[in-house]
Number of protein chains: 2
Amino acid sequence: MVMQVRAVQYGCGPIGCSVARFAAQRSDIEIVGAVDIDQSIAGHDLAEVAGLGKKLGVNISDEADAVLSQTKPDVVFLTTVSSLKVAYPQLEKCIKAGVNVVSSCEELSYPYREEPQLSAELDKLAKANNVTVLATGINPGFIMDAWPLFMTGVCQQVKQVRAVRIQDASTRRGPFQKKIGAGCTTEEFKERVAAGTLRHVGLAESIAMIAGGLGWELDEITTSIEPIVAKVRVKTNFVTVESGQIAGVRQVGRGIRAEKELIILEFEASVGAPQSYDAVYITGVPNMEVTIKGGTHGDISTVAMIVNSVHRVVQAPPGLVTMKDLPVVSTLGADI
Amino acid sequence: MVMQVRAVQYGCGPIGCSVARFAAQRSDIEIVGAVDIDQSIAGHDLAEVAGLGKKLGVNISDEADAVLSQTKPDVVFLTTVSSLKVAYPQLEKCIKAGVNVVSSCEELSYPYREEPQLSAELDKLAKANNVTVLATGINPGFIMDAWPLFMTGVCQQVKQVRAVRIQDASTRRGPFQKKIGAGCTTEEFKERVAAGTLRHVGLAESIAMIAGGLGWELDEITTSIEPIVAKVRVKTNFVTVESGQIAGVRQVGRGIRAEKELIILEFEASVGAPQSYDAVYITGVPNMEVTIKGGTHGDISTVAMIVNSVHRVVQAPPGLVTMKDLPVVSTLGADI
């Protein structure tokens with residue numbers, strides 16, 4: 001009953017390989033091509049690079065245009081960068097080849113406020129080529145935007161939306177622990193923040209999506225970033241954080257109108273956090289408090305959202321869309 | 001920025017009056033007509049019957065066709081009955097008048113499995129008349145179907161979905177306490193169950209929606225109903241339940257394939273329940289446990305879902321749709 005979708009994996013880093021592994025398991029998706037500019041993996045079989053444990057017969061190529069024109073896929077999984085400006089030429093290639101896109105690009109998840117001109121150009125280009133473009137993931141794309149918005153549907157009135165994501169990074173990948181600054185000194189943390197290499201990308205986009213859904217025109221969106229300092233020594237499989245060193249990062253985004261904080265997003269990721277959870281708090285009629293016990297696993301769920309969105313994107317009207325514009329994205333039930 | 005919608009309230013009982021009160025507060029909705037067959041309220045101003053505290057200038061009429069043709073609304077809020085068969089002629093009137101419908105009719109929330117022929121006819125009629133038809137509410141429509149499905153989007157695999165709704169009815173309306181059997185004897189409970197007047201309608205529809213979203217073809221859907229017996233005396237503003245009398249009702253729905261319970265919905269409403277909550281438990285990759293503290297208020301949230309869906313319904317492609325087919329339904333943010 002489920003429509004078959006032919007997909008190209010564009011970007012074969014850690015997230016791209018995870019997407020390929022999940023997509024390859026799905027009975028409704030066939031991976032027909034793979035693209036990456038990394039010369040160390042070009043020419044290799046995607047299955048080998050992604051650790052699939054079976055042959056796909058799909059070689060990674062550094063020639064996106066050739067792969068798209070030869071394979072004529074229904075969709076591209078674009079998992080290359082967080083920056084919309086950097087992703088733009090890649091998006092353009094896919095769209096002009098007449099291919100739908102599901103991307104992990106954080107800045108593309110709701111780009112209308114931060115990048116109005118690029119958004120308008122993308123939308124126009126997608127419509128002209130009759131394709132749909134979406135960026136999604138667990139955050140941005142779900143936990144701090146689509147999910148809180150979805151929960152407001154049961155309210156007659158909403159005065160404030162607050163979403164909290166607290167993650168204990170102790171059990172996550174080593175690169176993720178490094179990314180959030182675990183084991184840094186305060187000086188190193190500041191340097192990495194200044195360089196833009198230590199941060200969760202997407203708070204401003206998530207705030208803009210919630211405001212867009214609720215019809216709130218915000219005066220401004222503010223974001224802050226600060227270190228979480230370890231109070232005791234924490235040791236993971238990858239890093240040891242001494243007391244007084246950096247355990248992780250805390251970022252807060254605020255959507256403000258008339259000096260009121262209408263939307264507050266609080267993101268924390270650190271090794272040794274007492275417990276992981278995701279929560280939405282709505283002040284309104286009625287008040288709502290919704291909690292995901294143990295939180296949502298960043299890597300597993302980002303990959304799930306990207307792959308699970310594929311049918312909705314293929315079937316959606318053409319243009320640039322966001323998670324609030326799509327019908328409910330569910331997974332495919334296991335074959336019992 | 002928000003489009004104005006002109007609405008007719010069709011059915012002016014307790015839910016219809018609540019819908020009218022909420023809709024009348026909204027800056028984006030204008031109530032232009034009202035219909036009810038009850039001769040005791042026909043001719044009265046809807047505002048007076050619904051207790052709006054302001055004039056609407058809209059008289060309740062028992063002539064649906066005349067109201068629809070004179071007011072030419074964008075949408076009808078149809079809040080009359082739970083049975084699709086009984087609602088069908090009313091739906092037909094609205095559709096043939098070229099008017100979109102948002103209904104509280106439980107059996108219409110996902111009617112494809114229980115009423116395949118009526119569903120196909122409705123869909124065809126709606127498409128022929130270029131209108132969209134939806135039934136929604138908190139349950140069915142959200143807590144035990146659209147919300148669990150939405151939460152599966154973060155999973156790579158789902159083996160079982162279980163949703164639990166536990167309600168302490170002590171603080172609800174008197175008619176609701178009566179509806180769930182509070183204060184009955186066991187004999188009376190059995191008689192009312194046999195007569196079909198004591199039950200939550202929608203478990204089968206909710207199970208079918210979840211199965212439809214996940215692509216599961218079920219062998220059967222079973223439902224059970226049993227009394228919750230008071231262990232201690234419970235006194236509310238409306239009823240006193242002695243120990244040993246009925247405090248409320250427990251209903252369980254199961255979606256089964258190959259003798260496995262893939263979907264389990266547990267609904268309990270009783271006076272004196274220790275705590276109210278709604279929860280979704282997903283067995284899969286990853287497992288998920290999501291809880292709404294204190295639960296979701298049945299009356300407030302059903303009305304919210306109906307009114308909040310209005311723009312999505314007006315904008316949707318024509319046909320019969322369900323909550324899993326619509327983009328995220330959020331409320332309108334308060335004017336701060």
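The domain assignment of chain A gives domain 1 (5–137 + 300–320) and domain 2 (146–295), the bounds being taken from an automatic or database domain assignment. The C-alpha centres of domain 1 of chain A and domain 2 of chain A lie 27 Å apart. To their contact, domain 1 of chain A gives 9 residues and domain 2 of chain A gives 6 residues; two residues are in contact if their C-beta atoms, placed from the backbone, lie within 7 Å.

This is a predicted model, in which local features need pLDDT of at least 70 and side-chain atom pairs count only at pLDDT 80 or more, while totals for chains, interfaces and linings use all residues. Residues are numbered from 1 along each chain as its sequence is written, and chains are lettered from A and ligands numbered from 1 in the order in which they are written.

Chain B is in contact with chain A through 52 residues, which meet 52 residues of chain A. Elements that each supply at least two residues to this side of chain B include β7 (157–168), α9 (203–214) and β12 (260–270); helices (H or I, at least four residues) and strands (E, at least two) are DSSP runs, numbered from the N terminus.

Strand β14 (residues 288–293) of chain A pairs with β14(B) in the antiparallel sense over 3 bridges, where pairing requires at least two bridges found by DSSP. A:Ile292 has B:Val290 as its bridge partner in β14(B).

Within chain B, an open sheet of 7 strands with parallel pairing runs in the order β3-β2-β1-β4-β5-β6-β15. Because β3 (60–61) and β15 (319–320) of chain B stand at the edges with a single partner strand each, one side of each is left without a neighbour in the sheet. Strands β5 (residues 100–103) and β6 (residues 132–135) of chain B pair in the parallel sense over 3 bridges, and B:Ser103 stands opposite B:Ala135 in β6(B).

In helix α9 of chain B lies B:Ala208. B:Ala208 is buried, because 25 other C-beta atoms lie within 10 Å (buried: 20 or more; exposed: 12 or fewer; partly exposed: in between; C-beta atoms placed from the backbone). Not counting residues up to four places away in sequence, B:Ala208 touches B:Tyr110, B:Tyr112, B:Arg113 and B:Ile221.
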